[in-house]
Amino acid sequence: MIRERTRARFVGRRAQVSLFTENLTKDPASAEDPADFLFHVRGVGGVGKSTLLRQWQEVARKAGAVTAVVDESDVHGVPQALAELARQLAEQAGPLKEFDKAAEQYRKEQEAAVAESLLPEGADAAGAEASMSSRVVTQAALGAASLIPGVGAATSMASPDAAAQGLDRLRAGIRGQGSRGRRDRGADASGLGRAFVGELDRLCGKHAWVVLFFDTWEQTGRFLDAWLLDLLQDEFGPLSANVIVVLAGRDELAERPWAPLRPHVTDVPLEVFTQTETRTLLAARGVTEPDVVDAVLHLSLGLPLLVELLALAQPESAEEVGAEADVADAAVERFVQWIGDPAERDAVLACALAPRLNEDVFTAAVPEEARGLWGWLCGQPFVSGHGDFKQYHAVVRASMVRQRRAFSPQRWGEAHLQLAEAHGAWRAAIQEDLPVSKRWGDARWLRHRLDEMYHRLCARPSVALTTALAVAVGAADEDMAVLRQWTDAFQQAARDAADPDLLAWAETLRTAVSGQDPAVDFLSAVLSHDALSAKNRSLAHTYRGKHLMFAERNEEALAELDRALAVDPDNLLGRVPRAEAHRRLRHFDEAVADYTAVIDSGSGMPYVLVLRGSVHREAGWYQDAIDDYTAALEFEPTHASALFFRGLAHQRTGRLAEAVQDLTTAFGLKPTAFHFQAQRGDVHRQAGRYDEAISDLTAALSHDSERVWHRAVRGVTYRQAGDFTKAREDLSRVADRRVSDHNFPFELTMLDTVESGLESCRPHWVELLAPDAPQPLEARFRDVFRALILEPSSDLATVTEAFLSGSPNQAAITNLLLYLTELFAVDGALADRARLCHDLLATRSAPVAD
């Protein structure tokens with residue numbers, strides 16, 4: 001029955017079906033007449049775009065293609081769309097393992113990127129700490145927020161491996177983002193795109209075609225337009241010739257961005273049915289009475305969906321068809337009236353209230369006597385969908401919603417509340433086994449939360465508004481995909497309820513999320529609602545402050561977080577980011593005070609201890625840092641991050657044996673955290689154990705050869721061990737990366753000097769030691785080397801005292817002593833001055849232990 005109806009609905013679209021069918025017979029690699037790869041189906045609502053796509057999908061599969069289709073129900077961002085496309089392709093062709101790996105890596109990077117702005121800044125002269133410590137602070141920051149009782153934290157504790165994988169790339173990539181479509185907080189989805197293209201290439205080797213359908217492009221294009229342009233222009237790798245992309249939407253493609261691909265677009269405009277096509281369809285459905293046919297022609301205006309609805313009812317006279325002014329409402333009303341079975345009629349109307357349907361929602365919506373009609377409903381021409389959900393055609397649903405709201409306001413509210421209660425119960429069941437921190441990231445929980453909110457807003461707009469905006473506060477702390485889904489659900493409720501206040505709010509919030517700072521502007525709008533509770537108002541200020549920190553607007557972030565705690569001094573979640581804002585602004589005492597308040601509450605252990613320890617360490621209060629890490633380890637003796645950080649603090653105070661011990665234990669607990677091993681290699685280097693250092697650094701690089709810091713430290717180690725050839729290989733490779741965060745030009749110039757002498761390198765030193773150099777050394781190191789190399793008349797005792805007056809940590813002193821030792825091998829006065837400076841430094845310095 002359903003297949004027969006499907007064929008009937010395609011009366012009048014034979015030319016378009018033939019166009020696509022013929023294209024599938026062509027050779028995509030032909031130089032003379034290759035197959036077209038990009039189709040754009042366009043036309044007004046109800047003209048049959050989605051129906052044509054379903055027919056094309058059937059044709060493609062018969063031709064040996066694997067296919068996938070997404071529409072507005074699947075798409076609130078590129079990752080979600082790719083996941084749905086991959087799911088459908090995998091159902092037909094088997095697992096897409098490489099994409100699955102990339103998706104998991106993206107998830108981990110997304111978790112890590114949430115805390116990217118919490119990473120400590122700065123490094124020692126060799127850049128020795130920045131990359132290593134960033135991964136573990138990320139872990140601790142995430143954990144501290146998620147373990148504060150009663151707080152709906154944005155993220156859960158990232159795994160050490162997640163934090164260890166790729167934050168260097170994120171640091172370089174996220175901060176430089178400015179390209180289209182990448183204003184979302186979080187990880188770069190380009191890796192997903194490359195993995196997806198790789199899977200498409202693999203599928204194209206096994207199947208005749210891979211066809212990707214993007215329906216309701218007027219909605220999905222908001223999120224996918226830039227990404228699809230990149231895909232089609234091989235930004236993620238060459239796209240196989242037998243990949244076909246089909247778009248379907250109401251509007252023409254945007255002129256400027258699509259201009260490069262315009263010659264390759266096969267435009268398929270769908271017009272309304274001609275009278276001949278309408279008569280043919282009606283005849284195929286048994287409607288042949290001339291007066292009835294004329295009435296349908298007049299009322300439907302040739303829109304295939306409305307022709308189909310009117311034909312389904314088998315009207316026997318023109319009077320039964322009618323001629324109301326509102327075409328869609330009239331056609332839908334006639335269709336409903338002509339459903340003879342009351343249970344079927346009740347089911348159709350009841351399910352119109354649900355934005356999306358599955359059998360559970362259907363059962364909750366319909367009367368008991370209609371619960372066996374799910375299959376019948378799915379066979380109706382206005383019901384479509386893929387995967388787990390079905391949905392009414394937008395034109396039909398909008399009409400039924402208007403009729404139900406107008407004809408029976410009381411039943412309208414009761415029915416929506418019934419569905420809200422059902423979604424609330426399903427949500428509660430899911431969250432029983434779901435940590436608070438993972439709820440927003442769970443697709444099932446989020447779907448029920450948003451549908452519950454939608455139905456409550458439709459039932460009682462004024463009552464539900466404040467609760468909905470409280471939900472919005474939580475959504476705004478998530479990624480943009482979640483915030484978009486919340487905004488879309490709110491806008492749909494406002495349209496369907498036709499409530500003036502909701503409509504005004506919907507427009508305000510839509511404008512906010514369309515701006516340059518969507519989350520910040522969105523939360524500003526929510527905060528304008530006077531009825532928001534103090535707790536939710538404080539959380540809104542908290543999340544707004546966090547977003548300002550992500551944008552590196554630290555002064556503004558601090559002011560916003562101050563507001564959060566002024567409204568609710570018990571908001572512990574606000575203290576964690578405020579402590580970080582203070583740390584960024586080098587307000588170390590204030591940062592410690594905020595972390596101490598959380599610690600004193602007994603919350604967030606042991607992670608907040610690790611965070612406070614990191615503030616102590618950055619401030620140079622190393623013994624306090626060690627005490628915090630030790631206290632954290634009393635809570636959790638196998639806490640690898642605390643061990644790692646304590647090892648760093650020991651290294652900074654010159655306790656190299658203790659540093660090796662902590663780093664070795666940490667690495668034993670997390671044997672895949674190769675940055676622990678690399679850091680241990682640096683400690684061995686400082687201790688003069690070059691073989692052990694090179695062994696550790698080489699092992700770490702064997703697992704990720706692109707780690708810039710690992711390679712730079714190994715290059716320095718080779719140089720200090722006297723193996724200049726291998727040192728140059730490593731340091732040149734680092735220099736080729738043009739990384740500006742570390743002092744790599746200094747390390748290369750040191751190599752040139754100890755290998756070739758000072759004179760040939762003097763111009764490089766002049767450039768490197770200039771006060772306005774583009775990559776200046778730390779000031780205290782620069783002054784020492786300026787005195788040694790460029791100002792030979794300088795008093796080295798004074799220079800040494802000036803260096804020590806800055807209270808350098810022992811690791812910095814050790815590094816300087818090692819550099820000076822290297823200069824002993826240089827002929828002439830430089831070696832003598834280096835020895836003198838070394839002796840002065842060695843006799844006048846002592847390990848710093850605060």
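The structure contains an open sheet of five strands in the order β2-β3-β4-β1-β5, with parallel pairing. Strands β2 and β5 stand at the edges with a single partner strand each, so one side of each is left without a neighbour in the sheet. Direction ignored, neighbouring strands of this sheet are turned by 15° against each other on average. Angles run from 0 to 180 degrees between N-to-C directions, and axes are lines fitted to C-alpha atoms, for helices over the stretch in contact. Strands (E, at least two residues) and helices (H or I, at least four residues) are DSSP runs, numbered from the N terminus. Two strands count as paired if DSSP finds at least two bridges between them. Strands of a sheet pair through backbone hydrogen bonds, either parallel or antiparallel.

The model is predicted: local features need pLDDT of at least 70, side-chain atom pairs count only at pLDDT 80 or more, and totals for chains, interfaces and linings use all residues. Residues are numbered from 1 along each chain as its sequence is written, and side-chain values use heavy atoms, with hydrogens and water left out.

The pairing can be followed strand by strand. Strand β2 (residues 65–70) pairs with β3 (residues 209–214) in the parallel sense over six bridges; valine 70 has phenylalanine 214 in β3 as its bridge partner. Five bridges, again in the parallel sense, link β3 and β4, and valine 211 stands opposite isoleucine 244 in β4. Helix α4 (residues 78–93) packs on the sheet, where it touches β2 and β3, and its direction makes about 150° with that of β2. Helix α10 (residues 217–232) also packs on the sheet, touching β1, β3 and β4, with its direction at about 155° to that of β4. Contact here means heavy atoms within 4.5 Å.

Strand β1 (residues 38–42) is joined in parallel to β4 (residues 243–249) over five bridges, with arginine 42 opposite glycine 249. Five bridges also join β1 to β5 (residues 265–269), which run parallel, and leucine 38 stands opposite valine 265.

Burial was examined next (buried: under 20% relative accessible area; exposed: over 50%; partly exposed: in between; 1.4 Å probe, protein chains only). Six of the six residues of β2 are buried, so the strand is largely enclosed by the rest of the structure. Ala65, Thr67 and Val69 point one way from β2, while Val66, Ala68 and Val70 point the other way. In β1, four of the five residues are buried, so this strand too is largely enclosed by the rest of the structure.

Helix α33 (residues 640–652) has 13 residues and reaches 18 Å from its first C-alpha to its last, close to the 18 Å expected at 1.5 Å a residue. The expected span is 1.5 Å times one less than the number of residues. Because 13 of the 13 residues of α33 are buried, the helix is largely enclosed by the rest of the structure. Glycine 654, with a positive phi near 85°, follows α33.

The buried residues of helix α23 (residues 461–476), among them Pro461, Leu465 and Val473, pack against α22 (443–459), α24 (480–497), α25 (500–513), α26 (518–527) and α27.

Arginine 537 lies in helix α27 (residues 534–550). This arginine is buried yet has no salt bridge; aspartate 530, the nearest side chain of opposite charge, is 5.1 Å away. A salt bridge is a side-chain nitrogen of Lys or Arg within 4 Å of a carboxyl oxygen of Asp or Glu.

Terms used:
Lys, Arg positive; Asp, Glu negative; His and termini not counted.
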